[in-house]
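Please take a moment to look over the structure before reading on. The report below walks through a few of its features.

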Amino acid sequence: MTGEGMSGLSLQIAEGVATVLFDRRSARNAMLFDTWCLLPDLIAAADNDPAVRVIVLRGAGGHFGAGNDIAEFGRLRGDAEGARNYGWAMARAMKAVETADKPVIAAIEGSCYGASVALALAADIRLATSEARFAITPAKLGAVYLRSDHHRLVAAVGPGQARRMIFTAWPLDAAEAAAIGLVDMVVGGADIEQDLGGMAGAIARGSPYTLSHSKRMLRMAGSGETPAETDETIGWFVDAMMGADFAEGVAAFLAKRAPQFKAG
């Protein structure tokens with residue numbers, strides 16, 4: 001099953017494992033609006049297939065994802081309605097991953113930045129190669145993570161580390177990401193196929209009833225359910241997209257210069 005349009009998404013199923021592949025290699029698998037829109041359909045297709053026991057998210061070409069594709073922001077986020085549609089598309093895609101009945105593994109290689117970190121956080125298990133690099137970068141652009149993204153980040157790494165990652169946008173290597181709980185397992189780059197296959201295979205051999213019901217209870221444990229987005233919280237996302245900081249952040253990114261944000 002292959003995604004339509006420019007999304008670069010495809011779904012492959014083999015031996016009980018459904019792989020959702022992001023393949024926009026020229027852009028390090030940066031996410032498009034079409035990608036977010038199609039992702040819930042592919043997750044649902046995998047979740048509803050009785051042959052599937054586990055879902056894997058991964059990027060082609062050695063990178064998990066470079067976040068959202070800034071090149072299309074002007075076209076799709078140029079007005080408040082476009083920004084609102086983009087925010088809701090992201091929220092629905094993350095929620096589809098998080099609430100799938102079947103366990104979801106994010107297999108992370110290379111770059112995992114911005115919205116791609118948020119996507120990985122929606123998965124149940126994050127497996128990364130030792131060469132993987134992570135950064136949460138909205139502060140460099142004048143953008144903002146969705147409230148649900150903040151919730152998942154704090155649930156994974158705690159409030160202090162979440163603040164450090166969001167406020168500084170500093171990159172982390174895989175070892176540090178594992179130390180703070182951003183990823184659950186680090187493997188050598190040459191070993192990812194074997195280790196990913198071993199993990200997916202072990203899950204696939206488990207009881208479907210146990211897996212689905214345990215996943216629901218685990219999601220409710222500790223930090224509780226991820227809060228649903230509302231018109232107000234999506235409005236914060238929209239306000240950021242319409243703001244002067246975001247315009248400057250995008251211009252600076254495209255010009256490969258440091259942004260010059262004005263004092264609030």
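Predicted model: local features only at pLDDT ≥ 70, side-chain atom pairs only at ≥ 80, totals over all residues.

Residues are numbered from 1 along each chain as its sequence is written, and side-chain values use heavy atoms, with hydrogens and water left out.

In strand S2 (residues 17–22), 6 of the 6 residues are buried, so the strand is largely enclosed by the rest of the structure; buried means under 20% relative accessible area, exposed over 50%, and partly exposed in between (1.4 Å probe, protein chains only). Val17, Thr19 and Leu21 cover one side of S2, and Ala18, Val20 and Phe22 the other. S2 pairs with strand S1 (residues 9–14) in the antiparallel sense over 6 bridges, where two strands pair if DSSP finds at least two bridges between them. Ser10 stands opposite Leu21 in S2. S2 and strand S3 (residues 54–59) run parallel and are joined by 6 bridges, with Val17 opposite Val54 in S3.

The rings of Phe33 and Tyr86 have centres 5.7 Å apart and planes at 40°, so this pair is tilted; rings of Phe, Tyr and Trp (its six-membered ring) pair if their centres lie within 6.5 Å, and planes under 30 degrees apart count as stacked, over 60 as edge-to-face and the rest as tilted.

The count of disulfides, pairs of cysteine sulfur atoms within 2.5 Å, comes to 0.

| Residue | Relative accessibility | Class |
|---|---|---|
| Phe33 | 21% | partly exposed |
| Tyr86 | 1% | buried |
| Cys37 | 36% | partly exposed |
| Cys112 | 0% | buried |

Notes. Helix = DSSP H or I, 4+ residues; strand = E, 2+ residues; numbered from the N terminus.
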